[in-house]
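Hello,

Here is the structure we talked about handing over.

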Amino acid sequence: MKTIELKQLLKDMSLDEKVGQLVQLSGEFFQANDISYGPITKLGISQKVVDLAGSVLNVAGAEETRRVQDQQMKMQPHHIPVMFMSDVIYGYKTVYPIPIGLGASWDPKLVKEAFNTAADEASAAGIHVAYAPMLDTVHDARWGRVLESPGEDPYLNSVYAKAMVEGFQENFENNNGVAACFKHFAGYGAVESGREYNSIDMSISNLYQNYLPAYKSAVKAGAKMAMTSLTSLNGVPSTADEKLLNELLRKTWGFNGIIISDYASIYELVKHGFASDEYDAAHKAINATVDIDMKSPCYANSLKKLVADGKLNEEKIDESVWRVLSLKNELGLFEDPYRGTSVARENKSVLSSDKRELARKLASEAIVMLQNKNDVLPLNKNEKIALIGPYSTDHSLLGMWAVHGEPKDSVSILEGIERYTSNVTATKGTDINRSREMLKEMGFPNEEEISKVISNQEVEHENNEEALQLAKRADVVVLALGESTLEAGEAGAKTKLTLPENQLNLINEISKLGKKVVLLVISGRPLVLTNIIDKVDSILECWFPGTEGGAAIADILFGKANPSGRLTMSFPYSSGQEPIYYNHLSTGRPVDDSQHVGRFVSKYLDAPAAPLYPFGYGLSYGKVTYESMSLDKSVMTHAGNIEAKVVLKNDSDWDCQETAQLYLHDKVATIVQPVKKLIDFKKVAIKAHTKKTVSFSISPMQLTFFDNYGEEILENGDFTLFIGSNSRDCLAKDFTLTD
Ligand code: BGC
């Protein structure tokens, strides 16, 4: 539609119709399958509001979206098509590894491809907007939603933000892309004590330095939508934060897309104690330029009244409606309300072999080898394998936020291994979780459902016994353990980050047999593995690896793929260390570099200050060593770059992929600086028994930091550059910045 026609349409619309465009409802209102997570409450809205609703949450599938589109367009006086929005967070039907695993691939190119193909599937299924990428920087593994984020580093997350947004929107013009809706603006990852939906309180410098860059990168990459956070930031709920949304996001960053509230978050302004009632909440949210109200009655029931009461200028509503109509127009919905969807197109797109191949490659790049004593891995196909654990044959490898993915489409670990050898026998060994209380908290509705997970004592005992017998007869034991799907993800906060007691007991018993033991960890977060590392030989962190998870795990186990994943979240030594992250600020009494010795340094009495595995860490078959780091100059001016070089030496028989990581430390600054911060990285292939020189060009703009007014500052002085295989093990060189 031409802009002039769109403007005319806006003029012709009644206020009711306009308000309708700003209301988003989920499937149950349209007699469609509702796959949304979130509290189900009666909204208290009229049928008229439902008829005029401008967008639909989490209804998908070509047939279903076409039906709802027909139904809704008939109801709309101007036959305006609805927009279908959905949580396509790390894949649609072909599910890629959870984003904390995608992060670990350090492969933005491949991640872009994954988002591109997810957009292909989702758009074929009638989805117009995907609620991703989730770009909350995460420091605290207690928070269940670390699963959805690429990790703890603002620079790396910014690189992924760009890749993800571009991947989604690349083919937008051709009906193949989806609009990216980055979230959750802003700072959701810093919820206090890792408790879900808790508040966020942080310095402005910290916010700008660590939390905002990834969202900003999504805006720069052209993301068409932004979602607010369910939380409050420095005392103001994000959904009504005029300064954050209008001043910063729109005016300073130039974002001119749609802002949508998160699920019921306008209504929740009342619960926050920030609005007196729904009317006040609607007023505050629209003033903060929130365009669409997701799943709450506030806009539906109050916007018109606010205008009638003279509290809200209708122009303000027009601005929001204009943004909604503009995206519908960009999507081409006025010309083709189905946007080219059809069951045939959908069937051709979903789970196609090229997508499965990509999912397998990405999952193998996401897996992080944490330990490999005596080179127990890779396995020899002739070895007799006992595959033990609740994840041995389970297809639930998709993780909590794969709302469209179906476990039945995924490759289990046993199936993956069987592609290499028939010398394997699998058994469950123990339940995934045996805490009734916890299952109830996870949302299991009744005893019947709980008893599907928790076996009775006798059966559990038999399972244990069977596992031990199997292990005794094997050459190598592969343990497939971890968290259950609902233990991670939204509302999956935990204070204990170890495996459950029953799984730990199983590891203990197996370790006594003196067999080679490989542990596969399926989890949505960094777990505490401290008490396990001496009981097993090898550990692979597999995350929720997605549709091709079992195949990718087997590729690593048998050495078809050489592990190259590197952690993007620190793995704690103990739960009490959380939040723990590598780029923390320098303290006055650093544990290993203080004038004090013994007690009075920044440490714990009962655990080291350092994590068990640091950010950037991961092993490969074969080892690459770093040597001969050099800088071309020791003085940098504001006008010029310096070059840093390092030689990577692969003395092994393996072709490796190595991620060389470049970190910076600013020695003296007017705001205390992190001990290290990532400023660049290169993932390179190094053939067996060869060397490769990797170089980085560093510009003054990479030396800036943010002050407590949110200003980006460049200060002259002394810096250290580090290059290494992770944030702990690095070579270092100093240089100075002058005018
Ligand atoms: C989550 C969002 C999600 C939305 C819609 C909320 O509970 O916080 O991330 O996009 O639901 O499903």
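The notes below cover the domain interface and then the ligand site.

This is a predicted model, in which local features need pLDDT of at least 70 and side-chain atom pairs count only at pLDDT 80 or more, while totals for chains, interfaces and linings use all residues. Residues are numbered from 1 along each chain as its sequence is written, and side-chain values use heavy atoms, with hydrogens and water left out.

Domains. The chain is divided into domain 1 (351-575) and domain 2 (622-738), with bounds from an automatic or database domain assignment. Their centres, taken over C-alpha atoms, are 35 Å apart. Between them the two domains bury about 620 Å² (accessible area, 1.4 Å probe, lost on being put together and summed over both parts); carbon and sulfur atoms carry 39% of this. On the domain 1 side, N562, S564 and R566 supply 71% of the area buried against domain 2. Two salt bridges link the domains (a side-chain nitrogen of Lys or Arg within 4 Å of a carboxyl oxygen of Asp or Glu). E365 and K683 form a salt bridge, with the closest N and O atoms 2.7 Å apart.

Ligand. There are 14 residues around the ligand, and D87, R145, H184, D262 and E490 come nearest (near means a heavy atom within 4 Å).
- D262: 2.5 Å
- H184: 2.7 Å
- K183: 2.9 Å

The protein covers 99% of the 310 Å² of accessible area that the ligand has on its own (Shrake-Rupley method, 1.4 Å probe).

Regards

Technical notes
Polar contact = N/O pair within 3.5 Å; in protein donor to acceptor, adjacent residues only side chain to side chain.
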